[in-house]
Amino acid sequence: TTALAGEDKVSAVSDATNLRFRDDVDGAALGDACQTDGYISDSEELQGLQGLVLVYNGILAAFKDNEVWLSEPYLPWGWRRSNVITLPHKVVDLLPHEQGLLVFTDLKTYYMSGQQPSDFVPTALAGEYPCIGKNSSLSLEGRAVYISSDGPAYISGTSIALDNTSASRDQWRQIMAVNAVTNSDFIKLAHYGHRIMAYMGG
């Protein structure tokens, strides 16, 4: 079929396999070629990455199992095996915080930072209050807050403390049991101004 647009004739081809495109853009009009040497090109090795976040200095971070993956600065396709950090516990969430990255696992919480991925060295924070899952943490005014298995917790410096102002640890555990809160599909954190809100449900 054909259609007229002004004086230009546009042809609609029903069979997409017969479409052709001619690349006649001059090379001088193109940007720099993507640098791919030395980066992981096997898509199967990258499968399973989740929790993609942007960290300081243009570094992307993601995780799978007990590994934290870091890209080269400002190269979102630049993933190297040498930039993969292996932790002793399974990662459940990532949170950019200040100029680094908080890594929540099913037992400990770690902080790491640096100008380059090779600078990132995980430091375990004091206090074993594991995060319940993804989307249950946020960074607000220099303080990180998240939902642990024992209730709301906040990170200040290199230590973690529970916040029992809204409910005690036993009350929070009862809330968790009643609502069957076992992962981030049931509870999420958000903030409005200086107020932190927790959403429970499906």
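Two strands are counted as paired when DSSP finds at least two bridges between them. In this predicted model, strand S7 and strand S8 (residues 100–105) meet that criterion, with six bridges joining them in an antiparallel arrangement. Within this pair, Leu-94 has Val-103 of S8 as its bridge partner.

S7 and S8 belong to an open sheet of four strands, ordered S7-S8-S9-S10, with antiparallel pairing. Strand S7 (91–97) and strand S10 (123–124) each have a single partner strand and stand at the edges, so one side of each has no neighbour in the sheet.

A separate pairing involves strand S11 (residues 137–140) and strand S12 (residues 143–148), which run antiparallel and are joined by four bridges.

The largest nonpolar core contains 16 residues, of which Val-68, Leu-70, Leu-94, Leu-101 and Val-103 touch the most other members. At least two residues of this core are supplied by each of strand S3 (50–55), strand S4 (59–64), strand S5 (67–72), S7, S8 and strand S9 (109–113). S4 gives the largest share, three residues. Another core, of 13 residues, lies apart from the largest one and includes Leu-102, Ala-144, Ile-160 and Leu-162. In soluble globular proteins, nonpolar side chains tend to be buried together.

Methods. Residues numbered from 1 in each chain as written. Predicted model: local features only at pLDDT ≥ 70, side-chain atom pairs only at ≥ 80, totals over all residues. Heavy atoms only, no water. Core = buried A, V, L, I, M, F, W, Y, C linked by side-chain atoms within 4.5 Å. Buried < 20%, exposed > 50% of the residue type's maximum accessible area, 1.4 Å probe, protein only.
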